Amino acid sequence: MDLLRSHLHKVRIPEPTNRIHKDECCVSFDTPRSEGGLYVDMSSFLGFGREYVEWNFEKTGNPVYLHIVQRRKPEPDEADRPLKKPTLLAIGVEGGFGDQEPEYDDTFEIVILPDFISLPFPSVDLPEKVRLAVDKVLLAESADRKEQLAAWVADKKNISAYAMDLQQLDNGVIVPPTGWKCSKCDKTENLWLNLTDGMILCGRKLWDGSGGNNHAIEHYEQTKYPLAVKLGTITADLEAADVFSYPEDDSVEDPLLAQHLSHFGIDFSSLQKTEMTTAERELDTNTNYDWNRIQESGKDAELLFGPGYTGLANLGNSCYMASIMQVMFSTHPFISRYFEKQSLKAAFATAPADPTVGLNMQMTKLGHGLLSGKYSAPANEGQEGIHPRMFKSVIAANHPEFSSMRQQDALDFFLHLIDRVEKANPGNHEQNPCSGFKFVVEERVQCPSGKVSYNKRSDYILSLSIPLHEAINKEQLEAFNEKKAAMDLDGKEVSNEDIVRPRVPLEACLASFSGPEEIPDFYSTALNSKITATKTAGFNTFPDYLVLHMRKFVMEAGWVPKKLDVYIDVPDTIDITHMRSKGVQPGEELLSEGGSGDNSAEPAHPVASEDIVSQLASMGFNYLHCQKAAINTSNTGVEEAMNWLLSHMDDPDINDPISKDSRACEPSVDEASVQTLVSFGFQEDVATTALKASGGNIEKATDWIFSHPEASSSASADSSNSNANADDAYIPDGSGRYKLMAFVSHMGTSTHCGHYVAHVLKDGRWTIFNDSKVAASVDLPKEMGYLYFFQRISN
């Protein structure tokens, strides 16, 4: 006890704003349930497993820790186990999914390093500062939980329009601190306090009969008193209280909540949290959702355990991230960088003071978690997987989409991961595991004059269109379509088993990339006019790992997104040696860069596409405004021009004549956004055009580029300059022979909904990684991939 008192200056009492990591070790996936439990530093509030806490003591000198150990309680017999209420209320499946989480016994003690001297907690003999600090830690919401909730809320709550001048009746109502009950029934949970008249009423009745009896919303419909706060969510941290606005039909922020509560005699500083907020309930609903139950597997797959066979638990719509990371940590560059050549101790030694925000630390933690086998052993609970919450928090930091709990496109995440890792290793090519995915494409454009231009660009993915006309089962498709048409007339539906889908060879998709393509409106400096040129493309370098993106999502008429229901015949090995570009050939004459003599450059006067202008004008828009819209979106299309027009109707210069200087008409584009797209591997001029057409939105611009492959050569090309940057000197090159090593499949109608699953070739057999489930593949769905990963076959 005297030793503890001598270290009291190292003990801090946490503030509400402190991040407290009491759920998981910051350098491993150890938790209070792991052997050895979790040690929480009582100065930094970082958590450490038993193997790693001494590293923290050596680095910081902090000696006092709260040791938390959780041990599972014996389960009662099935008949004796009380059934909990369904938590997946939003799913709408009859009966729901029971949240039968096992229960745990918690034990605590104070531990003093370096000798691991332990003192019992709770104990009246402990110094008051220690007792108070530990109580605060145990009562506080953990950092992981706070970040999940913040991500699930996704968008910051808006201040209610009714908050600032809310009417509050002077009716003498005083709300007690406990013992609440609905004023109209016997409900004692899910209670809402109306902030106008102080009525305490129950919440909405849910689809399964649970929840409340609708008394709170019925009261609003009768009185139109707009705001209510959920009792049990009010604490000293008022921002976390759940305030709902009935007329706005959403959770809102009430800046005057303290004043509104005091009107009814509520001292919020003394209240403890006893109820879930709306965001917390939605979070629990989503994270408890068991994809494996609703996913029709139909196969008795052998579960796999050991190094490299660790699953990633679904954090709530995080399967896009899990599938990509399982593939990346099956490649040699990522295994070498973050596992074989990077120890956890070395990563921690160079990590920032808060290692939970260090990308290198969290990448190394994830690599060791997946590859060490420490967290992949048979257990009664089956395969639980590890929870990559800290990694997701770091990799998604400041990204509006990946930091949310919404489903995302696995391709977008792959490119985002590449970008973040590249930026974390600037100029350090030996430390950059992404170099093996990078390659250079060379494009050749020939105009009718016979002259040519060459352009190079670097990329990390090869995005391939799917030529449905190249399907190899056309006869079966025709027969199926006739059968389906007849059944439609009879009002019958075709069963899933009888559906015939087009089967397109991967070779045809690759040929669509390298084959000749017409480029309209190409300005030829040789002919001093816009003409139709011919473009071909090839590989200037072959990467160590070739990533193929299948463009299964296309736009139908009316700009309606559609997913192609198609199979891709993918062989186990491919040879794309014939797709290597040859560069400038003897006798070829290059197009000049323009601007001198008879080969004058294209006139500076901007020209609007008459087709786009006429279509917009037919909708009733001003003709001059239509011209400006077409020019300022580089004549990319009617939708882009309309979007620009609608967002610039109130511009003060909208009625000014069109400038003769095309540069004056160019819409401004954020240079940082341009560079972000360039880092993805897109050409700078294409990135600029895409951002203009997409209102500056990076995600929309990326989608625009993939849906406008002709954009890379639609403007006058630079005949000799290369867009490949200085880093291209470090791009690998070698044989064009590859073997399929992994693919990511998608189920659902959009990349932003549904589910992603990864299949990886490991130890000579295919393995399925389906969130936390890792099993031997029984029926490999190779033809259903969205992203294919090929590894170079070494000589």
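This is a predicted model: local features need pLDDT of at least 70, side-chain atom pairs count only at pLDDT 80 or more; totals for chains, interfaces and linings use all residues.
Residues are numbered from 1 along each chain as its sequence is written, and side-chain values use heavy atoms, leaving out hydrogens and water.

**Exercise 1.** Find how many salt bridges the structure holds, and state what arginine 19 and aspartate 354 tie together.

Solution. 
- Apply the criterion: a side-chain nitrogen of Lys or Arg within 4 Å of a carboxyl oxygen of Asp or Glu.
- The structure holds 24 such bridges.
- Arginine 19 and aspartate 354 form one, at 2.7 Å, N to O.
- Arginine 19 sits in the loop between helix H1 (2-6) and strand S1 (38-41), and aspartate 354 in the loop between helix H11 (344-349) and helix H12 (359-371), so the pair ties together parts 335 residues apart in sequence.
- Helices (H or I, at least four residues) and strands (E, at least two) are DSSP runs, numbered from the N terminus.

**Exercise 2.** Decide whether arginine 457 and glutamate 443 are buried or exposed.

Solution. 
- Their side chains meet in a salt bridge of 3.3 Å, N to O.
- Arginine 457 belongs to strand S12 (residues 452-459) and glutamate 443 to strand S11 (residues 439-446).
- Both are buried (under 20% relative accessible area; exposed is over 50%, partly exposed in between; 1.4 Å probe, protein chains only).

**Exercise 3.** Classify aspartate 733 and arginine 580 by accessibility.

Solution. 
- The two side chains form a salt bridge at 3.1 Å, N to O.
- Aspartate 733 has 41% relative accessibility, so it is partly exposed.
- Arginine 580 has 30%, so it is partly exposed.
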